[in-house]
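Thanks for coming, everyone. I'd like to walk you through one model today, starting at the ligand and then moving out to a couple of helices. Have a look at this.

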Amino acid sequence: METLVLKPDENSIALAGNLLRNGEVVAIPTETVYGLAANAFDGKAVAKIFQAKGRPMDNPLIVHISDISQVYDLVCEFPEKAQKLARQFWAGAITMIMPCSDKIPEEVTAGLDTVAIRFPSHEIARKIIDSAGVPLAAPSANLSGSPSPTSAVHVYNDLHGKIPLIIDGGESTVGVESTVLSVVGDVPTLLRPGGITVEQIESVIGKIRIDKGVLNQIDNNAVVSSPGMKYKHYSPKANIIIVKCDGDEYTDYINTLPEKKNIGALCYDEDRDKLTVPCVSLGEKDDFQTQAHHLFDALRQLDLMNLHTVYARCPKKEGVGLAVYNRLIRSAGFEVIDLEKS
Ligand code: TXA
Ligand code: MG
């Protein structure tokens with residue numbers, strides 16, 4: 001199959017809408033990462049997403065809307081806390097898990113009785129949903145296991161030949177996927193940190209719970225709150241190791257390694273001039289937004305450098321930094337060197 005890559009305009013958006021209405025998949029830009037979309041009410045179309053990505057069928061998808069009124073078709077209950085958060089943060093980078101209606105095929109929910117809903121702020125994403133005339137189920141538009149795509153080129157590299165159309169809306173501004181919050185049950189639970197922070201959520205609805213899978217490795221056989229937690233994620237070809245420390249210990253540690261062949265660093269701007277190995281920077285030390293924006297592209301750049309091992313700075317777990325930490329610790333397979341303890 002030939003994969004078209006088109007800039008967004010009236011014609012390409014109409015084409016995307018047509019393909020989606022006719023049971024095809026289309027890669028679309030969003031403010032978080034690119035999504036691979038299909039009509040959320042069409043189980044057969046949704047199955048094509050899993051096939052193109054090589055995604056395990058038991059990992060449910062997020063349904064994307066372009067107007068809050070569309071929620072009522074998708075859920076059997078729109079909890080009050082979810083309504084409050086929707087008023088504050090939609091359109092934007094937060095996905096909410098709610099009890100689902102019976103209109104949603106099991107390909108979307110993976111047979112769960114809940115559905116994940118997101119209202120993206122990206123203008124082109126919203127125009128494509130409008131053009132399709134239906135809510136769109138969409139995971140990130142990468143091959144399962146590889147870093148999420150933040151540009152049309154990333155999508156093309158992973159999925160060309162497997163999907164008919166990519167709409168190129170430029171770089172995703174946020175750069176990490178949406179925050180996933182379950183609003184089922186008494187205390188809302190964070191399942192995945194993202195663009196909207198814990199601090200922002202708690203300022204609207206009070207204390208939330210952080211699922212243990214956010215910061216810790218989940219045993220493969222464990223029952224998880226979010227199926228995505230148990231899969232290998234964001235893994236580049238090189239072996240990534242997180243280095244936990246402050247200041248110069250990081251650069252000293254790398255520069256004094258006994259063997260530096262095929263060694264690289266994923267660092268901050270402040271480290272670059274001090275390092276004696278090839279490196280990619282995420283941005284300044286305390287600029288979590290920029291770090292999030294660069295993370296997935298940085299992991300893909302490291303892939304092109306033919307490195308064996310990459311030592312990565314341990315991100316701070318504050319604000320959007322928590323999302324950067326959550327992705328990076330997974331790309332490292334939870335391997336951490338703690339220089340603070342030694
Ligand atoms: O920013 C985003 O959220 C992007 C863009 C395209 O919107 N989408 C995205 O989708 O990251 P995906 O499929 O890569 O991640 C969705 C996560 C998965 O970890 C999945 O397990 C979880 O949300 N999820 C989806 N439905 C769920 C449900 N009903 N209950 C628990 N977790 C759910
Ligand atoms: Mg994904």
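Predicted model: local features only at pLDDT ≥ 70, side-chain atom pairs only at ≥ 80, totals over all residues.

Let's start with threonine 114: one of its polar side-chain atoms sits 3.0 Å from a nitrogen atom of ligand 1. I'm calling that a polar contact, meaning a pair of N or O atoms within 3.5 Å; within protein, one must be able to donate a hydrogen and the other to accept it, and residues adjacent in sequence count only if both atoms are side-chain atoms.

Residues are numbered from 1 along each chain as its sequence is written, chains are lettered from A and ligands numbered from 1 in the order in which they are written, and side-chain values use heavy atoms, with hydrogens and water left out.

Back to the ligand. Asparagine 59 has a side-chain N or O atom 2.6 Å from an oxygen of ligand 1, and serine 140 brings a polar side-chain atom to 3.1 Å from a ligand oxygen. On its own, ligand 1 exposes 680 Å², and the protein buries 96% of that (Shrake-Rupley, 1.4 Å probe).

How many residues surround ligand 1? There are 26 (a heavy atom within 4 Å), with Thr32, Asn59, His64, Ser178 and Gly228 the closest. By class, that shell has 12 nonpolar, 10 polar and four charged residues, with Gly counted as polar. Strand β6, residues 114-118, gives the largest share, three residues. Strands and helices here are DSSP runs: E, at least two residues, and H or I, at least four.

Now helix α8, residues 198-205. In general, an α-helix has 3.6 residues a turn, so residues three or four places apart point the same way. Glycine 206 follows α8, with a positive phi near 80 degrees.

Last one: α2, residues 43-53. Its buried residues include Val46, Ile49 and Phe50. At its start, a side-chain oxygen of aspartate 42 comes within 3.1 Å of the backbone nitrogen of lysine 44.

Methods:
Buried < 20%, exposed > 50% of the residue type's maximum accessible area, 1.4 Å probe, protein only.
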